[in-house]
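Biologist: Hi! Could you walk me through this one? I'd like to hear about the metal sites and what surrounds them.

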Amino acid sequence: MKLGKLTLAIAAVATLYATTMSAAEKTVSEESLGLRKTTIYSEKDTTADKVMYGTDAAGTSKKIKRAFQDAPPMIPHDVDGMLPITINNNQCTMCHEPAVAESMGATPIPKSHFMDFRPKHKFDGKQFTKSIDNMKNEVSVKPIEQLAGARFNCTQCHAPQTTGKLAVKNNFEAAFTKKDGEFKSSWDEVILDDLDTLKK
Ligand code: HEC
Ligand code: HEC
């Protein structure tokens, strides 16, 4: 029995010694220090992966999964010649305007982009007053006929996706709260539901 315990103790010490030793021998290479994985002595010659946007023309691209529920979808097609968006030239609406989108095979601009969230205001020359009181959780949501001005500049929120390799893998996994949330949104419903709750 005694001998058994002794053997066990020796074995334990030996394992401890072995693990400590191997930990001490481990070195960190200079290449592994930064995200770029090159030696810091030739860093100036290190170039990042080239940023490559998709070149599939609109109508031939494949939609990109959305990052999370009601995230603005990425632009899956080439936007060459469409940017910058100007007051007189917004090609995005020419295909995505709800009236024509279906015939173009494009996703229609959602209802949320046809809502005005700006409260009416009054200015009497001295004082600026709003028609609502944010401090009382009052909000102003008005469905409107035309695209909201705040949504005119599509690329402020929608961006093309690049194929560049990520230096750090993104492990985020979205938990979509709605069916087909990866490819569809219904944020206008969220807004209207919230409004109902506020009114109660
Ligand atoms: C010539 C028509 C056309 C033009 C112009 C156009 N699109 Fe598209 N867009 C499409 C089509 C068609 C799709 C569907 C994917 C496909 O078939 O390529 C699409 C897909 C998208 C999507 C993805 C929608 C989703 O449900 O995932 C976004 C976002 C988008 N476009 C934004 C834009 C923006 C912003 C502009 C202006 C810079 C623009 N589009 C200009 C036709 C167009
Ligand atoms: C202020 C930010 C913002 C701007 C500007 C904006 N969008 Fe969006 N867009 C979003 C967000 C957020 C969503 C997803 C949530 C939702 O449905 O509103 C979205 C959703 C979409 C969708 C997907 C609709 C669906 O049914 O799944 C399309 C298509 C789209 N936008 C097109 C456009 C176009 C075209 C423009 C320019 C005319 C534009 N957006 C301007 C933020 C924006």
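This is a predicted model: local features need pLDDT of at least 70, side-chain atom pairs count only at pLDDT 80 or more; totals for chains, interfaces and linings use all residues.

Biologist: Got it. Where does ligand 1 sit, then?
Modeller: Ligand 1 sits in the largest pocket.

Biologist: Let me step back for a second. How many helices and strands does the chain have?
Modeller: There are four helices and four strands. Read from the N terminus, the order is α-α-α-β-β-β-β-α.

Biologist: What share of the chain is buried?
Modeller: Buried residues account for 16% of the 200 residues.

Biologist: Back to the metals. Which protein donors hold the iron atom of ligand 1?
Modeller: Those are His77 and His96, each through NE2, at 2.0 to 2.1 Å from the iron. His77 is in the loop between α1 (2-25) and α2, while His96 is in helix α2 itself, so the two tie together parts of the chain that are 19 residues apart in sequence.

Biologist: Why do you call the arrangement around the iron atom of ligand 1 octahedral?
Modeller: Because its six donor atoms subtend angles of 86 to 178 degrees. For six octahedral donors the ideal angles are 90 or 180 degrees.

Biologist: Is His77 buried or exposed?
Modeller: His77 counts as buried because its relative accessibility is 14%, and the cut-off for buried is under 20%. His96 has a relative accessible area of 24%, so it is partly exposed.

Biologist: Nice. What else is around ligand 1?
Modeller: It has 24 residues around it, and the closest are Ser61, His77, Cys92, Cys95 and His96. Helix α2 (residues 91-96) supplies the largest share of that shell, with four residues.

Biologist: Which polar atoms approach the oxygen atoms of ligand 1?
Modeller: Among them is a polar backbone atom of Gly59, 2.8 Å from an oxygen atom of the ligand. A polar side-chain atom of Thr107 is 2.9 Å from an oxygen atom of ligand 1. On the nitrogen side, a polar side-chain atom of His96 is 2.7 Å from a nitrogen atom of ligand 1.

Biologist: Switching to ligand 2. Which residues coordinate its iron atom?
Modeller: The iron atom of ligand 2 is coordinated by NE2 of His113 and NE2 of His158, at 2.0 to 2.1 Å. His113 belongs to the loop between α3 (98-104) and β1 (115-116), and His158 to the loop between β4 (142-143) and α4 (187-199). That pair links distant parts of the chain, 45 residues apart.

Biologist: What is the geometry at the iron atom of ligand 2?
Modeller: Octahedral, with six donor atoms and angles of 85 to 178 degrees among them.

Biologist: Are His113 and His158 buried or exposed?
Modeller: His113 has 12% relative accessibility, so it counts as buried. His158 is buried as well, because its relative accessible area is 19% and the limit is under 20%.

Biologist: Last one: which residues are closest to ligand 2?
Modeller: Ser112, His113, Cys154, Cys157 and His158 are the closest of the 24 residues that surround it. In the side chain of Ser112, an N or O atom is 2.5 Å from an oxygen atom of ligand 2. The side chain of His113 has an N or O atom 2.8 Å from a nitrogen atom of ligand 2, and the side chain of His158 has one 2.8 Å from a nitrogen atom of that ligand.

Technical notes:
Residues are numbered from 1 along each chain as its sequence is written. Chains are lettered from A and ligands numbered from 1 in the order in which they are written. Side-chain values use heavy atoms; hydrogens and water are left out. Donors are N, O and S atoms within 2.8 Å of the metal (3.2 Å for Na, K and Ca); water is not among the atoms, so sites may look incomplete. Four donors count as tetrahedral if all angles lie between 85 and 135 degrees; four count as square planar and six as octahedral if opposite donors are over 155 degrees apart and all others between 65 and 115; anything else is irregular. Buried means under 20% relative accessible area, exposed over 50%, partly exposed in between (1.4 Å probe, protein chains only). A residue is near a molecule or strand if one of its heavy atoms lies within 4 Å of it. A polar contact is a pair of N or O atoms within 3.5 Å; within protein, one must be able to donate a hydrogen and the other to accept it, and residues adjacent in sequence count only if both atoms are side-chain atoms. On a 1 Å grid over the protein atoms alone, a cavity is a set of points where a 1.4 Å probe fits but cannot get out, and a pocket is an open set with protein on both sides within 12 Å along at least five of seven lines; lining residues have an atom within 4 Å of a point. A molecule sits in a cavity or pocket if more than half of its atoms lie within 2 Å of its grid points.
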